[in-house]
Amino acid sequence: MSDNGAIIHVREITKRFGDVEAVKGITFDVEKGELFGFLGPNGAGKTTTINILCTLLKPTSGTAVLNGFDVTAKPNDVRRSIGLVFQDPSLDDRLTAWENLQFHALVYGVPTEERLGRIENVLKMVELYERRNDAVKTFSGGMKRRLEIARGLLHYPKVLFLDEPTLGLDPQTRSHIWEYIHELKKREGTTVFLTTHYMDEAENCGRIAIIDHGKIVALDTPDNLKDKVGGDVITVKTDDDGAAKRLIEERYKLEAAVDPHGVSFKVKGGEEFIPSFVKDFERKILSISLRRPTLEDVFLSLTGRAIRDEESGAKDQMRVAAKAWTRRR
Amino acid sequence: MNDLVGVYTIWLRDLIRFWRDKSRIIGSIAQPTLFLFVLGTGLSSGFSKAFGGARQGASILGGKDYITFMYPGIIGMTILFTSIFSAVSIIWDREFGFLKEVLVAPISRWSVAIGKALGGSTIAMIQGSIMLVFAPFVGVKLTPLIIVELFPLMFLIAFAMTSTGIVVAARMKSMEGFQVIMNFILMPMFFLSGAMFPLRGLPEWLDLLVKINPLSYGVDIMRYVVIGVNTYPVGRDLAVISAFSVVMIVLAVVQFGKQE
Ligand SMILES: Nc1ncnc2c1ncn2[C@@H]1O[C@H](COP(=O)(O)OP(=O)(O)OP(=O)(O)O)[C@@H](O)[C@H]1O
Ligand SMILES: [Mg+2]
């Protein structure tokens, strides 16, 4: 079944929990060595899909093949090929950090001579080396999360599943962890399957599947997805937003929306558009902002809803215009 | 090969957890100790009054004081409770998520079930051995031979009981299930095992219930080894408890293997 170098083949997978159909027939491939992202709102079916791929759940219908092994027929071989960082806690909090990693290294058959070195490495990466002999129950939430990530990276799996791995971690730790993931990917050729709500993390992915209500609504590279949105997002605030909207719709034939922040619309080549708009608009302009479309916009335009309100993709925002930009006539 | 490492790792984890949790060690000794000394002493003096002298009263108890008679039963109780509690920790592991880490590991389900059974048995055997320090206080003289016989015996009984616990807990999804185990398995098994009363001359219905309880045979042979009193032939005791162990561990492996 292993055609075209894909390491994960998913064909028409569905999963039903009683009346709820959590996954409604999804199909995709993940290439060897790829960093593949799953992006979607709460309850979209991301974790369910991962649980099927890692053999914790059986699909209601459809087939999934990982590293050449069918997930329902050959679960043991699949498990040998994967590593996981679960979305929910999965540590033994009576054991120490070291013991948790030791347990993992043993059951995953990490070679004895490498075991201690690797445990030390990952503990240092997540800055828990000093706390290695403390029971996990004395750790903070973020520390526990870091330890789980360290554990998932311990045995160099062929496919690494990361279910919202860095949720709730501080930016410094997140970038540490990402460095390590990139390094592992380069050195070991690890395929990474990621779900995340952080847009900047999703940007790391080679390809992204956007999933909503158990269906994949788009699957492409981040750049291609953003191009589909239809250009840069410009927001102008004027002393007569109604007039601005009319101008944009009539003169430029663009769709515009008015909200308290001003008039927003999408246009290709936003930088060139701004000067001509400034020339054409006869009233006072208070501010103009331009930003590249984010994956959030992609999601919004595909589903009509935001992924999560608090995520605004701040890094992608680029303010180009000064406030209270008054135009002399 | 990796499966054997799996068995060892699961076993080791249970032991580390046991060792770390001193309150659990003390807790699971406190209850049998209380039974032994309060109930044992109380009933001992009650018996001797009722039967008009310790000697006659003791004849039904195989010529022993009640407290001496019940002592092996109390060791059996310690083993039963510790075994079942260890097995039931599977439900805790599920609740706290650690079971997922175990279930996606590249070790087979049977090695997890066996590791768990061995871990619980080892712990129960240790707990049972701790109870041996009370021997001098209840009129039992332990010889090295008794102790040598007792260890494998305690392990065998514990293995049977832990496996039983795993069969029940393997697919249980909630903590509420724990109460069910307590009320419908642990307590009946304990009370119907002859740990607390002699098995001779019971009414028919009770005799039947005792005879279908596999723990009765475990307690019987323990009593034989420790104080030389038994109701059933020793060979039958051993055969029943061994057969029960085999059946239960097979069921445990099957049940554990079925879970998603
Ligand atoms: N064990 C289960 N029993 C019943 N329903 C379930 C179960 N697991 C998941 N579901 C349902 O399946 C749907 C998808 O859940 P899933 O956990 O896959 O979402 P998700 O995309 O991971 O969401 P989140 O971003 O919140 O993690 C939800 O409606 C959820 O309620
Ligand atoms: Mg999820």
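**View 1. S121(B) and its contacts within chain B.** S121(B) touches F155(B), A158(B), F159(B) and T162(B), leaving out residues up to four places away in sequence; contact here means heavy atoms within 4.5 Å. The residue is found in helix α6 (residues 109-131) of chain B, where helices (H or I, at least four residues) and strands (E, at least two) are DSSP runs numbered from the N terminus. With a relative accessible area of 0%, S121(B) is buried. For that label, buried is under 20% relative accessible area, exposed is over 50%, and partly exposed is in between (1.4 Å probe, protein chains only). This is a predicted model, so local features need pLDDT of at least 70 and side-chain atom pairs count only at pLDDT 80 or more, while totals for chains, interfaces and linings use all residues. Residues are numbered from 1 along each chain as its sequence is written, chains are lettered from A and ligands numbered from 1 in the order in which they are written, and side-chain values use heavy atoms, with hydrogens and water left out.

**View 2. T122(B) and its polar partner.** T122(B) is also found in helix α6 of chain B, and at 11% relative accessibility T122(B) counts as buried. Its side chain makes a polar contact with the side chain of W11(B), at 2.9 Å. A polar contact is a pair of N or O atoms within 3.5 Å; within protein, one must be able to donate a hydrogen and the other to accept it, and residues adjacent in sequence count only if both atoms are side-chain atoms. Setting aside neighbours within four places in sequence, T122(B) is in contact with W11(B), L15(B) and F155(B). F155(B) turns up in the contact list of S121(B) as well.

**View 3. Ligand 1 and the residues around it.** Which residues come nearest to ligand 1? Of the 13 residues around it, they are G43(A), K46(A), T47(A), T48(A) and Q87(A), where a residue is near if one of its heavy atoms lies within 4 Å of the molecule. Oxygen atoms of ligand 1 pair up with protein in several places: one is 2.8 Å from a backbone N or O atom of G43(A), one is 2.8 Å from a polar backbone atom of K46(A), and one is 2.6 Å from an N or O atom in the side chain of T47(A). Taken alone, ligand 1 exposes 640 Å², and the protein buries 62% of that; accessible areas come from the Shrake-Rupley method with a 1.4 Å probe, and for residues only the protein chains shown count as cover. Helix α1(A) gives the most to the shell, with 3 residues.

**View 4. K46(A), a buried lysine in helix α1.** K46(A) lies in helix α1 of chain A and counts as buried at 5% relative accessibility. Its side chain reaches the backbone oxygen of G40(A) at 2.9 Å, and a polar atom of that side chain also lies 2.9 Å from the backbone oxygen of P41(A). Beyond residues up to four places away in sequence, K46(A) touches a list of residues including F38(A), L39(A), E164(A), T195(A), H197(A) and I211(A).

**View 5. Two positive phi angles in chain A.** Phi of E164(A) is near 45°, a positive value in a residue other than glycine. E164(A) is found in the loop between β7 (159-163) and α6 (171-188) of chain A, and is buried at 5%. Phi of E12(A), also not a glycine, is near 50°. E12(A) lies in strand β1 (residues 6-17) of chain A and is exposed, with a relative accessible area of 52%.
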